[in-house]
Amino acid sequence: MIKIKYVNLKRITILLWLSLLIVSCKKEPLVEEELPLPSFVKLAVPSNLPTAPEDPDNPLSKEGIELGRRLFYDTRLSASNRISCASCHHQELAFTDGVALNDKGESRKVLHRHSPALFNLAWANKGLFWDGGSTNLESQAFAPITSPDEMHQDLLIMESELKQIPDYVQRFKLVFQDEIKSKYVAKALAQFQRSLISANSKYDKYIRKEDNIQLSTLELQGLSLVEKKCKGCHSGELFTDYAYHNNGLDSMFSDEHEGIYQGRYRVTFNPLDLGKFKTPSLRNVALTAPYMHDGRFNTLNEVLNHYMNHVKVSVSTDQLMYQNNGEAGIPMSIQEKEAIIAFLNTLSDFDFINNKSISNPHNK
């Protein structure tokens with residue numbers, strides 16, 4: 001006799017419903033949304049300049065440069081929200097400030113060094129600041145932002161303030177694929193500064209044979225004199241070796257204010273580096289008065305007079321300063337000074353200082 005097992009239909013129905021419920025409650029695996037990538041770019045370098053080095057740790061992008069530009073002009077980078085990088089670096093002055101030593105910082109104290117020009121920094125790989133105390137643009141940015149006498153900003157507060165701006169949140173997310181952090185502020189500022197290329201002066205157009213530009217007889221004489229007397233430090237088409245020289249400004253070097261008057265020695269502690277300061281470019285030099293690391297000379301004529309008659313001798317005075325039959329000084333006649341100054345004026349890049357793409361975007 002065959003036994004028949006009767007199925008409990010009610011029990012099966014309940015089990016089916018439970019299995020369906022369990023399946024429906026399972027979470028689908030999360031698929032991370034892919035973020036759009038920034039548009040990476042290479043610097044457009046004029047033909048008479050050397051190829052610009054690239055930084056693999058902070059590749060340039062169109063969006064990164066624009067973000068850096070906005071931050072450069074943003075007062076949120078300072079504690080009081082009244083100072084931006086542009087407060088001491090004015091585009092119309094080739095990103096200098098036109099004063100010897102400014103007192104615009106948070107402490108209102110007079111600073112001890114002149115605000116340097118900002119252009120062609122993509123090639124500045126031998127150090128930044130007048131003494132080379134910073135090795136790259138990314139690390140350099142933190143000094144003025146956090147200095148009590150400059151912007152005196154707390155980095156966490158800066159991050160918090162920037163995070164309140166939806167546009168910044170989106171821009172940082174695109175450029176760095178992350179939220180706003182102070183290290184990305186520094187990277188964006190560095191990208192903008194590396195994009196500040198100045199090489200469209202009368203001299204450049206003459207060298208590149210553009211627009212039928214010619215230099216006058218006096219300007220050509222000045223060019224020849226600069227190559228003969230000045231190119232030891234102001235070398236190449238960048239008109240600087242980005243190195244450090246003691247050009248005979250002083251014979252004694254005070255250790256006051258943490259040795260800020262001692263120049264490169266403050267970094268290396270090598271006695272032969274006493275009084276050595278970074279060579280500024282001669283480009284835009286007619287726009288960037290006053291001159292030297294402390295702004296002590298108001299005019300180019302004063303600068304040339306120093307080299308002619310007032311070079312001070314010390315153990316570290318550069319040998320390039322001994323052009324007067326082995327004595328300190330660089331001899332020049334009045335007419336030669338006139339020619340040199342005429343040539344230096346051909347290095348003013350008016351396209352650069354009027355370029356709207358590097359001006360304050362917050363003024364629009």
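Good morning. Leaving aside its neighbours within four places in sequence, F72 is in contact with S84, C85, A86, H89, F95, L118, L189 and F192. Please keep in mind that the model before you is a predicted one.

As general background, nonpolar side chains in soluble globular proteins tend to be buried together.

I turn now to a pair of helices. In general, two packed helices are described by the angle between their axes and the distance between those axes. Helix α2 covers residues 62–72 and helix α7 covers residues 182–194. Their axes are 7 Å apart, and the packing angle is about 100°. Angles of 65 to 115 degrees count as roughly perpendicular, and α2 and α7 are therefore roughly perpendicular to each other. On the α2 side, the contact is formed by G64, I65, L67, G68, R69, L71 and F72. On the α7 side, the partners are V185, A188, L189, Q191 and F192. By type, the residues of this contact divide into eight nonpolar, three polar and one charged.

The next topic is the cysteines. A disulfide is a covalent bond between the sulfur atoms of two cysteines. How many disulfides does the model contain? The count comes to zero. Consider C85, one of the contacts of F72. The closest cysteine sulfur to that of C85 is in C88, at 9.0 Å, which is too far for a bond, since the cut-off is 2.5 Å. C85 counts as buried, because its relative accessibility is 15% and the limit for buried is under 20%. C233 is likewise in no disulfide, and the nearest cysteine sulfur, that of C230, is 8.8 Å away. With a relative accessible area of 9%, C233 is buried.

I now come to the backbone. Most residues other than glycine have a negative phi, and most peptide bonds are trans.

N120 is not a glycine, yet its phi is positive, at about 55°. This residue is found in the loop between α2 and α3 (137–140). Is N120 buried or exposed? At 1% relative accessibility, N120 counts as buried.

E258 also has a positive phi, near 60°. E258 is found in helix α10, residues 256–259. Its relative accessibility is 69%, so E258 counts as exposed.

The peptide bond from A289 to P290 is cis, with omega near -5°. P290 lies in the loop between β2 (277–278) and α12 (300–309).

Which residues of α12 are buried? They are L300, V303, L304, H306, Y307 and M308. The buried residues of α12 pack against α13, residues 334–345. Thank you for your attention.

Notes: Residues are numbered from 1 along each chain as its sequence is written. This is a predicted model: local features need pLDDT of at least 70, side-chain atom pairs count only at pLDDT 80 or more; totals for chains, interfaces and linings use all residues. Side-chain values use heavy atoms; hydrogens and water are left out. Axes are lines fitted to C-alpha atoms, for helices over the stretch in contact, and angles run from 0 to 180 degrees between N-to-C directions. Helices (H or I, at least four residues) and strands (E, at least two) are DSSP runs, numbered from the N terminus. Angles under 35 degrees count as roughly parallel, over 145 as roughly antiparallel, 65 to 115 as roughly perpendicular and the rest as oblique. Contact means heavy atoms within 4.5 Å. Ala, Val, Leu, Ile, Met, Phe, Trp, Tyr, Cys and Pro count as nonpolar, Asp, Glu, Lys and Arg as charged, and the others, Gly among them, as polar. Buried means under 20% relative accessible area, exposed over 50%, partly exposed in between (1.4 Å probe, protein chains only).
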